[in-house]
Amino acid sequence: MSLVRSIATVSGFTLLSRLLGFARDILIAAMLGAGGMADAFFVAFKFPNLFRRLFGEGAFSVAFIPLLAGDIEKRGLEEARDFAANALSILIVLTGFLVAIIEIIMPWAMLVFAPGFSENPEKFTLAVELSRITFPYLAFISAVALMSGILNTLHRYAAAAAAPVVLNIFMIGALLALTPVTQTPSHALAWGVLFAGVGQFVWLVIACKRAGFAIRWQLPRIDDKVKLLGKRMVPGMIGVGVYQLNLLIDTMLASMVSDGAVSWLYYADRVHQLPLGVIGIAIGTAMLPTLSRQLQGKDPSVAMYSQNRGIEIALLLTMPAAIALAVMGIPIINVLFQRGAFSATETSATGMALTIFACGLPASVLVKVLAPGFFAREDTKTPIRIGIICMILNIGMIVVLMPLFGHLGIATATAVSSWINAISLGTILRKRNHLTFDDRLKRRVPRIILSSAVMGLALWAAITFFWNAGYDAILRAAIMAGIVITGMVVYALIAQLSGATSFSELKSTLKRGNPA
């Protein structure tokens, strides 16, 4: 399967998941607003996800996938299946133990995770209650991350990419069905998160079995392969931990800004995460197993071509998305969330944060594209060093900017540190001769930027002349849809005319067997 086809598969399901996620967040905004109850749930939702990214999708995946790819290419499926089963058993034991410990010390953990909540006992108590409901999600979703890595290594991307759809379906269903019988809507959402973990786990177990890679539970054993996995996980955990610590610090500091700041940043980030997920995570998901298997093969130079195409596709799709979000930040938030408990004040605060997040979007996507260049070569230490530097810079910028700009200072620090991260990764790959920009990439990047800028001017003009926040909700949504479609058409035409891309070329690369 071609790299572009793999990216398209992941992107398609990710887009579906994010659209369902928007529907979920629209319901949350209408029923919870952006006050104390919403803040408490978002902290409870972030808490298990922080550890999930650390143990499951983070360090474990970047260490596990190259080893699994090596087994498949050199030692066969049977040995790869045995390694995967043992790794899954160990992962379940470790995350189960962690869940038990955190459940016991949750009140003390919350003092670290959201210290600002301690000033409001009711809000603090609610956050602890919700976190105790959601935290077991960690054990299930970590196993899901491992099984997703298996399927991705086998180039079966659809089922793993569809797993987040299950999460959003469960959360929407819980919000609608359980709210009448739970203490608050936030309690209903928390139970929805836990049930979703079980649902995703079952979904991936079935998918692995259908792929001919059924995994049976076995008693964990510490063999040489597991020791190697653990050895490679340690630097990965530090690297991913640096990023997660950044998120933790952002949440901690946002909890001290004002009531609602955590929610403003959450809603803005949710919109920002749409292109980041559909483009960046999708490319990164496809790149790691692709590069790992190409570098294990007879012609590693193919990996260089794949890296160039990954960067090209990332910029082709991300630059216009970033400019669009920056130009239309407040109107987008107005259409998506301003209803019920979500007022114009929340729209303004969230929209301005979205505009700032958008400025760092291309960098965030490039990090997802460039990092597999290290991980596939079994180098997890270099991204760690870069991540630590970026974390220190991020904290320093927050300390300086937050007293002046509140939650917008946090968003600004995040955007700037993302650019420093991306530039550093790309520079080091080039110095090691692991990344050489080919003529096609050099020719197209300036044209992508030009096409995006022209589209941005068209969007700005359309917003200026046609947008009015005073219109009723249906008319505002219709106008926004028209503006977005217009922007897409303008960008597509300019990109085609300028040579930033070729529609016929993109179509051909979606066919099986094309390495692009």
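Begin by selecting Ile249, which lies in helix α10, residues 224-257; helices here are DSSP runs of H or I with at least four residues, while strands are runs of E with at least two, and both are numbered from the N terminus. The model is a predicted one, in which local features need pLDDT of at least 70 and side-chain atom pairs count only at pLDDT 80 or more, whereas totals for chains, interfaces and linings use all residues. Residues are numbered from 1 along each chain as its sequence is written, and side-chain values use heavy atoms, with hydrogens and water left out.

With Ile249 still selected, note that Ile249 is buried at a relative accessible area of 13%, where buried means under 20%, exposed means over 50% and partly exposed lies in between, for a 1.4 Å probe and protein chains only.

Next, go to Val262 in helix α11, residues 261-296. Val262 has 2% relative accessibility and therefore counts as buried, and its C-alpha atom is separated by 8.2 Å from that of Val43, which is 219 residues away along the chain.

For the surface, select Phe97, Ile101, Ile104, Ile105, Trp108, Leu111 and Val112, which make a nonpolar patch of about 730 Å². Such patches are built from residues with over 30% relative accessible area and no salt bridge, with like charges joined within 9 Å and nonpolar side chains (Val, Leu, Ile, Met, Phe, Trp, Tyr) within 5 Å; the areas come from the Shrake-Rupley method with a 1.4 Å probe, and for residues only the protein chains shown count as cover. Helices α4 (77-104) and α5 (106-113) each supply at least two residues of the patch, while Ile105 is found in the loop between α4 and α5 and is partly exposed, with a relative accessible area of 35%.

Salt bridges come next, each being a side-chain nitrogen of Lys or Arg within 4 Å of a carboxyl oxygen of Asp or Glu, and by this rule the count comes to six. Select Asp25 and Arg24, whose closest N and O atoms are 3.3 Å apart, and which are both buried.

Then move to Glu312 and Arg440, whose side chains meet in a salt bridge at 2.9 Å, N to O. Glu312 lies in helix α12 and Arg440 in helix α18, so this pair ties together parts that are 128 residues apart in sequence. Glu312 is buried, with a relative accessible area of 5%. Now show Arg444, whose side chain also meets that of Glu312 in a salt bridge, at 2.8 Å, N to O. Arg444 lies in helix α18, so its pairing with Glu312 in helix α12 ties together parts that are 132 residues apart in sequence, and Arg444 counts as buried at 7% relative accessibility. On a 1 Å grid over the protein atoms alone, a pocket is an open set of points with protein on both sides within 12 Å along at least five of seven lines, and lining residues have an atom within 4 Å of a point. Of the 15 residues that line this pocket, select Leu366, Leu370, Ala422, Gly426 and Phe437, the closest to its centre. Helices α12 (301-327), α15 (361-375), α17 (407-431) and α18 (439-466) give two or more residues to the lining, and the largest share, six residues, comes from α17.

Technical notes:
1 Å grid on protein atoms, 1.4 Å probe; cavity = no way out; pocket = protein on both sides within 12 Å on 5 of 7 lines; lining within 4 Å.
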